[in-house]
Amino acid sequence: MALPIATKAVLALVVAGAVSYLVLADDGEGVLEYVYAEKVVASPSDYAGRTIKVHGTVVPGTIRQKVGSSGDYTFEIESEGERLAVHFTNMVPDTFAEGGEVVLTGQLTEDGGRFDSDEMAAKCPSKYEEEPMANR
Amino acid sequence: MTIASLGSLTILLIFLMSIVTVGLSVAGAYRRSPRLIEGGVQGLYATFGLAAFASSLIVYAFLSGDFSIQYVQHTSDSAMPLFYKITAFWGGLDGSLLFWVLLHTLFGALAVRANRKRHRELIPHVVAVLSAITLFFAGLLLFLKDPFAPYLIDIPTTGKGLNPLLQNFYMIFHPPSLYLGYVSLAVPYAFGMAALISGQVDANWQRSVRRWVLFSWIFLSIGLILGGLWAYEELGWGGYWAWDPVENAGLLPWFTTVAFLHSVMIQERRGMMKVWNVSLIIISFLLTIIGTFMTRSGVVQSVHAFGEDSDLAWTFGAFMLVIVVFSFGLVIWRRPLLRARGELESALSREFAFLVNNWLFLTCAVFVLGATMWPTFIEWMQILVERYPNALGWIDPGERMVIGPPFFNRYMRPLGLALLLLTGVGPLLAWRKTTGANLIKQFTGPLVFGVACTIAPVFLEIDSPWGLACFGLCGFTFWTIVQEFYRGIILRRSRRPQGFIEAMSGLLLKARRRYGGYVVHLGIVLMFFGWAGNAYKIERKTQLQPGQSYELGAYTIRHDGLRVTEDWQKEMITADLAVLKDGEVVDVLTPARWWYYQLPDQPTTEVSRYMTAGEDVYASMQEVDLSTGWTQLSLFINPLINWIWIGMMVMLGGALVCVGTRKSEGDDD
């Protein structure tokens with residue numbers, strides 16, 4: 001490229017400046033650690049207090065809803081046999097069901113005993129396509 | 001013979017025919033034998049014939065409700081309307097791969113038919129590359145994902161039906177449209193590879209593929225629009241784009257095809273960027289394969305993905321590796337032929353603006369791909385480190401993570417605004433070098449209007465810096481487009497007296513590529529205008545009982561009661577919400593929840609909205625209790641959102657004007 005060196009230098013500075021500003025000012029919003037429930041149960045102190053995503057299966061029979069409200073739930077999720085109590089304070093998605101997989105966003109209480117969440121993605125395998133093995 | 005066995009046999013024939021076609025074409029090119037080459041071309045047509053036959057078999061199986069075929073049983077039932085039975089063809093993984101093969105062979109046959117006189121020397125290579133791609137997908141169908149696989153025992157008598165969420169107008173056309181865009185990119189790729197193999201790397205091959213690239217780009221755009229509309233109207237979270245991996249997969253080749261459509265002009269004009277252009281074609285094609293892989297293998301956690309399947313992942317991985325090695329190997333081998341004739345002379349030239357445009361679009365593609373795949377990459381690393389602790393134990397892959405929309409938005413917003421600025425600046429710069437006097441003449445009007453558009457919203461109490469920057473750049477770019485049209489019209493009228501409209505349509509018809517391109521840019525400006533509205537979005541969740549009201553921005557939402565209705569497919573609960581402005585009822589929204597009898601545990605959320613040019617009032621019902629009347633609602637005011645759809649339509653209109661470009665017309669700027 002036959003551009004003058006000064007032009008190139010200015011361009012390089014602008015690009016480097018813009019990129020480093022964006023990266024340095026990045027507060028990590030939108031990037032969350034994603035862990036399975038058993039890891040949280042095993043070492044709660046590693047996770048307490050921070051916003052994380054936790055993946056697990058809703059334990060059948062544990063869903064309770066606060067009377068008179070429609071956005072205040074308690075239930076337990078499980079993975080690898082470990083259970084984690086959840087307090088969920090928001091509306092649940094259509095796919096939320098016992099035995100279904102959920103990914104919750106929220107914080108673990110300081111004592112590690114409960115996961116407080118207000119954001120849920122619920123995945124129901126049958127929604128898009130059945131597990132192929134289930135029918136054979 | 002049953003449909004199932006006939007279908008499986010046809011797939012086997014597609015596979016074998018592709019091998020024969022590749023063989024004939026390669027041998028024909030090597031021995032310079034017109035007979036063998038012609039044999040390859042006929043083989044390509046025959047493959048299409050077979051794919052069409054297999055596709056009609058599967059459609060027939062759907063129509064006749066042949067539930068002995070697993071795929072048919074999984075994705076349809078006898079009660080489904082006729083239309084959905086046909087579209088169920090591509091409703092699942094196996095069928096969509098067959099659909100891939102059908103489209104791919106169709107496009108291949110069309111492209112070869114159109115070009116076989118003009119680019120005789122390229123044809124055998126084109127046929128060989130296209131058939132090798134067919135071979136891969138036919139192999140997938142044959143060995144991993146046979147859509148005709150039957151139930152051997154316990155043949156079911158009823159089907160499971162298509163997921164109700166997918167039984168939606170947009171969803172019928174969203175996947176095939178993205179598919180059309182994806183699959184048609186194989187044609188430019190095949191021509192690019194043929195040009196490299198045969199050493200005919202002049203601009204000719206690009207003339208014949210430019211329209212294919214534009215065609216792909218149009219269908220990718222339509223697919224993305226429909227996906228956005230579907231999300232907006234069907235999912236009920238008030239937005240249209242959440243950087244979901246599947247949507248991103250459609251966006252990646254969109255970025256690189258836009259880059260190509262611009263940079264190809266530099267090659268035509270100045271003989272520069274040959275390696276770059278052919279690389280963009282390779283990358284675009286590769287991204288379509290990556291996109292198919294991401295969407296179809298479930299490798300990235302996503303609501304769309306079709307379930308985990310590691311065989312499929314490895315096969316796709318190997319295929320992509322072959323493409324990379326083969327394609328870039330050819331580029332490196334042919335580098336001496338690809339040397340540039342021209343040189344960049346000034347940063348104030350159109351070439352340079354196009355170059356920056358290309359860098360930015362490629363950055364967008366790399367960023368989106370990286371951010372989409374990063375969590376999966378970390379997970380793979382964790383698995384590898386766990387499996388081979390001795391060799392890889394020193395690596396700490398870190399925790400798995402999720403990258404959400406705020407992260408994407410943070411980086412894509414400045415990239416998008418930089419591109420919007422270039423949209424305005426690029427067309428005003430001259431080729432080679434722009435003089436100072438010219439700069440003043442070109443930029444005074446747009447700058448003044450742009451500044452005015454930045455300041456004016458402040459008086460409407462709009463203070464988000466991103467929003468203001470976006471409005472300002474929209475104004476700037478809008479004015480450049482108006483100015484170009486205005487000058488073009490004045491010029492035509494000075495040459496020959498004619499009406500305003502006549503002069504304008506003359507511009508669009510005579511210099512289609514240039515003015516069609518401006519119309520596309522106008523659409524982009526309108527879309528950015530719509531996106532700017534996002535900065536003032538209002539989002540509320542609330543519970544209302546019949547009779548209660550809720551203040552939402554300038555509106556009042558009044559709950560007028562619940563209705564329960566049913567039809568043969570589902571039971572519906574609908575809320576009547578009056579929308580009041582200044583005490584007057586302007587509309588009644590009817591958000592609903594539908595319970596399909598077939599999937600009673602998964603009610604769907606039916607959105608209702610009050611649309612105006614300025615904003616949407618958008619309501620979706622999250623939960624409802626009939627005994628008490630409690631209705632849980634998500635309410636949104638989405639300012640300017642409809643300008644996004646309008647902008648997309650304008651953009652497509654402009655693209656259609658460009659498609660009409662005749663081959664001889666490459667030089668109209």
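**Figure 1. Chain A runs α-β-α-β-β-β-β-β-β from its N terminus.** The model shown here, as in every view below, is predicted. Chain A holds two helices and seven strands. Its 136 residues include 23% that count as buried. Sequence separation is also recorded for its contacts. Among those between residues at least 6 apart in sequence, 50% join residues at least 24 apart.

**Figure 2. Chain B contains 20 helices and eleven strands.** The chain has 669 residues, and 49% of them are buried. Its C-alpha trace spans about 85 × 80 × 65 Å along the principal axes. The radius of gyration is 27 Å. A compact globule of 669 residues would have a value near 26 Å, so the two agree.

**Figure 3. Helices H9 and H20 of chain B cross at roughly 165 degrees.** H9 covers residues 204-235 and H20 covers residues 641-659. Their axes come within 10 Å. How do H9(B) and H20(B) run relative to each other? An angle over 145 degrees counts as roughly antiparallel, and H9(B) and H20(B) are therefore roughly antiparallel. Their crossing is left-handed. On the H9(B) side, the contact is made by B:Arg211, B:Leu214, B:Phe215, B:Trp217, B:Ile218, B:Ser221, B:Ile222 and B:Ile225. H20(B) contributes B:Met648, B:Met651, B:Leu652, B:Ala655, B:Cys658 and B:Val659. By class, the contact of H9(B) with H20(B) has twelve nonpolar residues, one polar and one charged.

**Figure 4. Helices H2 and H5 of chain B cross at roughly 145 degrees.** H2 is formed by residues 34-63, H5 by residues 93-115. The two axes come within 9 Å. This crossing of H2(B) and H5(B) is left-handed. Residues of H2(B) in the contact include B:Val41, B:Leu44, B:Tyr45, B:Phe48, B:Ala51 and B:Ile58. Among their counterparts in H5(B) are B:Gly95, B:Leu98, B:Val101, B:Leu102, B:Leu106 and B:Val112. What classes of residue make up the contact of H2(B) with H5(B)? There are 14 nonpolar, five polar and no charged residues.

**Figure 5. Two buried residues, B:Gly159 and B:Gln167, sit in the loop between H6 and H7 of chain B.** That loop joins helix H6 (123-144) to helix H7 (169-184). B:Gly159 has 23 C-beta neighbours inside 10 Å, so B:Gly159 counts as buried. The C-alpha atom of B:Gly159 is 7.2 Å from that of B:Thr75, although 84 residues separate them along the chain. Leaving aside residues up to four places away in sequence, B:Gly159 touches B:Gly65, B:Phe67, B:Val72, B:Gln73, B:Ser76, B:Asp77 and B:Ser78. B:Gln167 has 21 other C-beta atoms within 10 Å. Because 20 or more makes a residue buried, B:Gln167 is buried.

**Figure 6. B:Trp243 has a positive phi without being a glycine.** Its phi is about 55 degrees. B:Trp243 lies in the loop between H9 and helix H10 (245-270) of chain B. Is B:Trp243 buried, exposed or partly exposed? With 19 C-beta neighbours inside 10 Å, B:Trp243 counts as partly exposed.

**Figure 7. B:Asp582 also has a positive phi and is not a glycine.** Its phi is near 50 degrees. B:Asp582 occupies the loop between strand E5 (570-581) and strand E6 (584-589) of chain B. Is B:Asp582 buried or exposed? B:Asp582 has 8 C-beta neighbours inside 10 Å and therefore counts as exposed.

**Figure 8. B:Arg514 is a buried residue of helix H19 in chain B.** H19 covers residues 512-532. B:Arg514 has 20 other C-beta atoms within 10 Å, so B:Arg514 is buried. B:Arg514 and B:Met649 are 135 residues apart in sequence. Their C-alpha atoms are 18 Å apart in space.

Note on methods. Residues numbered from 1 in each chain as written. Chains lettered and ligands numbered in written order. Predicted model: local features only at pLDDT ≥ 70, side-chain atom pairs only at ≥ 80, totals over all residues. Helix = DSSP H or I, 4+ residues; strand = E, 2+ residues; numbered from the N terminus. Rg over C-alpha atoms; globule rule 2.2 N^0.38 Å. Buried ≥ 20, exposed ≤ 12 C-beta atoms within 10 Å, placed from the backbone. Axes fitted to C-alpha atoms, helices over the stretch in contact; angles between N-to-C directions. Parallel < 35°, antiparallel > 145°, perpendicular 65-115°, else oblique. Left-handed = near helix turned anticlockwise from the far one by under 90°. Contact = placed C-beta atoms within 7 Å. Nonpolar A, V, L, I, M, F, W, Y, C, P; charged D, E, K, R; others polar.
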